Amino acid sequence: LQPLPGQSDDSSDEGDASGDTEMDFLRSLFSRTLGLSPGEKVLDELTLDGVARYILSGKCKNIICMVGAGISTSAGIPDFRSPGTGLYANLQKYNLPYPEAIFQIDYFKIHPEPFFALARELYPGQFKPTVCHYFMRMLKDKGLLTRSFSQNIDTLERVAGLEGEDLIEAHGTFHTSHCVSFLCRKEYSMDWMKSTVLSPLCGCISSPILDIVFFGENLPDRFFTSMKMDFPRCDLLIIMGTSLQVQPFASLVSSCAAKYFLGNCDTFFRIL
């Protein structure tokens, strides 16, 4: 934590006392809210170092990660909402009625071409995992990762070494592809999809082929079953690369039993 502009590193005794009073108030408030005993502290300080010490203490055994497009931007994949650089700001060439239409199921059923053209630009094999992806892999290797709940379809979690059991790909994935017709559901390989992704259609009744969840569609059943199973036993929730704008993914935080969760916005901590 850095001092505020114009504030010296050497705080006065009065400032220290004021800070201690505020921290005592917060601890008291959180203890009442969470039903903790007055002296019980989960983190010794609200910093990344404090979280690291909590993880190393052996008391933190069930970590859940919630991740979004922001963890893949340093790999070269744009996020959605960043002004100027996000996907929604750079879709003019597709002549959409509005940017979000490219991910709307009703629009896709009539005009699938814009989505598949975008998919070709983002398709797996062109990008490498980032430090965030490998951080989750490290948690898995240490036996600490309960699950990663991801909004991403880029498969970089899998490239980093997470497996299907480690992941809830809430909004679908390019890793698998099936005919969207409920009467068919034929599976297609990633290599086949990569060669035809401009407009992949199944031979059954020319239905599109993909395993992506669009706006207006239900999330996979496994999202909800895993939420009910994983979150009640979570003792640290780490949120990376998402502004939690999309439901029902954003509502996961309200299901968490963790005392603390670590968010990606200016490294903030919030108490549940």
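Let's start in helix α5 (residues 131-141), where D141 and R137 sit four residues apart, about one turn of the helix. An α-helix has 3.6 residues a turn, so residues three or four places apart point the same way. In this predicted model, the side chains of D141 and R137 form a salt bridge, with 3.0 Å from N to O. D141 counts as exposed because its relative accessibility is 52%, while R137, at 30%, counts as partly exposed.

That pair is one of seven salt bridges. Another joins the side chains of R147 and D230, at 2.8 Å from N to O. R147 belongs to strand β2 (residues 145-150) and D230 to helix α8 (residues 221-230), so this bridge ties together parts that are 83 residues apart in sequence. Both R147 and D230 are buried.

E165 lies in the loop between α6 (156-160) and β3 (167-169), so here the link spans 57 residues of sequence. R222 is partly exposed, at 35% relative accessibility, and E165 is exposed, at 54%. Step back and you find R147, E165, R222, D230 and R233 linked in a network of salt bridges.

Now for helix α4 (residues 113-122), whose buried residues are P114, F115, F116, L118, A119 and L122. These pack against α3 (105-110) and β7 (211-212).

Finally, the whole protein: it has eight helices and ten strands, and 44% of its 272 residues are buried. Among contacts between residues at least 6 apart in sequence, 62% join residues at least 24 apart.

Definitions and conventions:
Residues numbered from 1 in each chain as written. Predicted model: local features only at pLDDT ≥ 70, side-chain atom pairs only at ≥ 80, totals over all residues. Heavy atoms only, no water. Helix = DSSP H or I, 4+ residues; strand = E, 2+ residues; numbered from the N terminus. Buried < 20%, exposed > 50% of the residue type's maximum accessible area, 1.4 Å probe, protein only. Contact = heavy atoms within 4.5 Å. Salt bridge = Lys/Arg side-chain N within 4 Å of Asp/Glu carboxyl O.
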